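My entries follow in the order I made them.

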Amino acid sequence: MTTQDPSVPARSDALEGTDLTLTPLGEQPRLRADAARNRARLLEVAARFAAERGVANVTMEEVAAAAGVGKGTVFRRFGDRAGLVQALLDHHEQRLQAAFLTGPPPLGPDAPAMERLRAFGPAVIRHERSHRDLYLAAHAETDRLYTTPPYILRTTHIATLLRQVNADRDIELLAHTLMGYLTTALVDHLIGRRGMSLKRLEAGWFDVVVRLAPAV
């Protein structure tokens, strides 16, 4: 029989039972069908411009002109440029969430837990690299990073898969540890400053997953 070290707190898996649902970053108002179509078109245009020239160089005026609407429509829909950027981040984040919550295997629910866990890391890395400056800007406030709905959802998803693979672990701590590997700033540093490839980072993720969560 093992004895709990009194200097170590008892395990508390706060992530257990957390609801796994799509988590928009901001409050989404109910829109009429035409307004919803306009909003989707504006986000599509803004996403294209952000991919072409970087989110810092996207203006409300250009988005309005390319979408064929008045500038006032863009301001009414998003409030200001910061609101547009927030909506754009939410748009991309919900696409990623839909992929790992309801999408096809190996990322989605029809694959075994270990396969989904292995697929999750590369999916997050490649997704955030595709929208690099948007995610770097969103994660600049590191004191808020760990309390945002997307971080909580991703961590909860990892914890759920870990329980399915091997429940005899400190699941919450392992989930946060694996999330640390996927930190946007770290991945950007390793690729941009250390010259590592996406392939190397993905192989590293597979190695970490196997070591931290060996299948029973």
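**Pocket**

I looked up the largest pocket first, and its space comes to about 630 Å³. On a 1 Å grid over the protein atoms alone, a pocket is an open set of points with protein on both sides within 12 Å along at least five of seven lines, and a lining residue has an atom within 4 Å of a point. A volume is the space filled by probe spheres set on the points, which are joined across faces, edges and corners. The lining holds 31 residues, and Leu 89, Ala 138, His 139, Leu 145 and Thr 148 are the closest to the pocket's centre. H4, H6 (132–138), H7 (142–145), H8, H9 and H10 each give two or more residues to this lining. I take helices as DSSP runs (H or I, at least four residues) numbered from the N terminus. By type, I get 18 nonpolar, eight polar and five charged residues in the pocket lining. Ala, Val, Leu, Ile, Met, Phe, Trp, Tyr, Cys and Pro count as nonpolar, Asp, Glu, Lys and Arg as charged, and the others, Gly among them, as polar.

**Ground rules**

I note that the model is predicted, with local features needing pLDDT of at least 70 and side-chain atom pairs pLDDT 80 or more, while totals for chains, interfaces and linings use all residues. Residues are numbered from 1 along each chain as its sequence is written, and side-chain values use heavy atoms, without hydrogens and water.

**Cavities**

How many cavities of 30 Å³ or more are there? I find two, a cavity being a set of points where a 1.4 Å probe fits but cannot get out. I list the lining of the largest cavity as four nonpolar, two polar and three charged residues.

The second largest cavity has a volume of about 40 Å³. Helix H4 (residues 81–102) supplies the largest share of its lining, four residues. The lining of this second cavity has six nonpolar residues, no polar ones and one charged.

**Helix H9**

Which residues of helix H9 (residues 171–181) are buried? I find Ile 171, Glu 172, Leu 174, Ala 175, Leu 178 and Met 179 (buried: under 20% relative accessible area, 1.4 Å probe, protein chains only). They lie on the same side of H9 because they cover an arc of only 165 degrees around the axis, taken from the directions from the helix axis to the C-beta atoms. Helix H8 (149–165) and helix H11 (198–212) are among what covers them.

Methods: Buried < 20%, exposed > 50% of the residue type's maximum accessible area, 1.4 Å probe, protein only. Contact = heavy atoms within 4.5 Å.
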